[in-house]
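User: Can you walk me through the inside of this protein? Plain words, please.

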Amino acid sequence: MTHRGDWTGDGMEDIVAVVGGELRVYPNRGDGTLAAPIKIGTLPTTARIVGVGDTTLDGQPDLLATYDDKLYRYAGTSAPTPSVSAPLLIGTGGWNVMTLTAPGDADKDGRVDLLARDTRDGIFYSYLGQANGTFSDRTEFGRGYTVTNRPLIAGAADADRNGVADLWATAGDGTLKFYKGGADIHGPIDGPSIEVGSGGWGTIQSIS
């Protein structure tokens, strides 16, 4: 499951999930609970999704999905009955090994970006948003993010309100780390980590 975006047009962020091959929106009631799910499409049960934000700058939330070793964009429509368009292929190969997360606008150019961790070697890459709703070629963001060293990762957008995208990650010792993002003329860079959860995070299956 993922989040980032108002799918029902009520000004509140909703949850999107793949359940048994159904792509569903779970509307946010605004009181800490979720309404009954709305089916907006179908996906392979092996698909992984990330709510990346508005890639096309049309004011609507979009989704990215990986399956069959490819990367697809699903352009969304926010409405009481939300929907997604047919998938657009934007990455032709090598995506099965990637763990995706969405940092928001990491390089402050007004477009949402994408982070991806290669599970084979732990190298973290950034893909900057482009004017056509796709992403640039990858740039190395950090190293040492193996699935053993940093099992789970999640783009934090600007968690500390300094204007730069951040990151959370669980660690192999069961702690939770906060990475205070940095930026230079080439885009986002890996920053130092701060321990913000002292233990028990090794049992967590997903963060977003």
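Analyst: The notes below go through the cores and then the pocket. This is a predicted model, where local features need pLDDT of at least 70, side-chain atom pairs count only at pLDDT 80 or more, and totals for chains, interfaces and linings use all residues. Residues are numbered from 1 along each chain as its sequence is written, and side-chain values use heavy atoms, with hydrogens and water left out.

User: Which residues touch the most other members of the largest nonpolar core?

Analyst: Leu64, Trp95, Met98, Leu100, Leu114 and Tyr127, out of 15 residues in that core. A nonpolar core is a set of buried Ala, Val, Leu, Ile, Met, Phe, Trp, Tyr and Cys residues joined through side-chain atoms within 4.5 Å; buried means under 20% relative accessible area, with a 1.4 Å probe and protein chains only.

User: Which strands each supply at least two residues of it?

Analyst: E4 (48–53), E9 (98–104), E10 (113–118) and E11 (124–127). E9 gives the most, with 3 residues. Strands are DSSP runs (E, at least two residues), numbered from the N terminus.

User: New topic. How much space lies in the largest pocket?

Analyst: About 570 Å³. A pocket is an open set of points on a 1 Å grid where a 1.4 Å probe fits, with protein on both sides within 12 Å along at least five of seven lines; lining residues have an atom within 4 Å of a point.

Terms used: Buried means under 20% relative accessible area, exposed over 50%, partly exposed in between (1.4 Å probe, protein chains only). Helices (H or I, at least four residues) and strands (E, at least two) are DSSP runs, numbered from the N terminus. Grid points are joined across faces, edges and corners, and a volume is the space filled by probe spheres set on the points.
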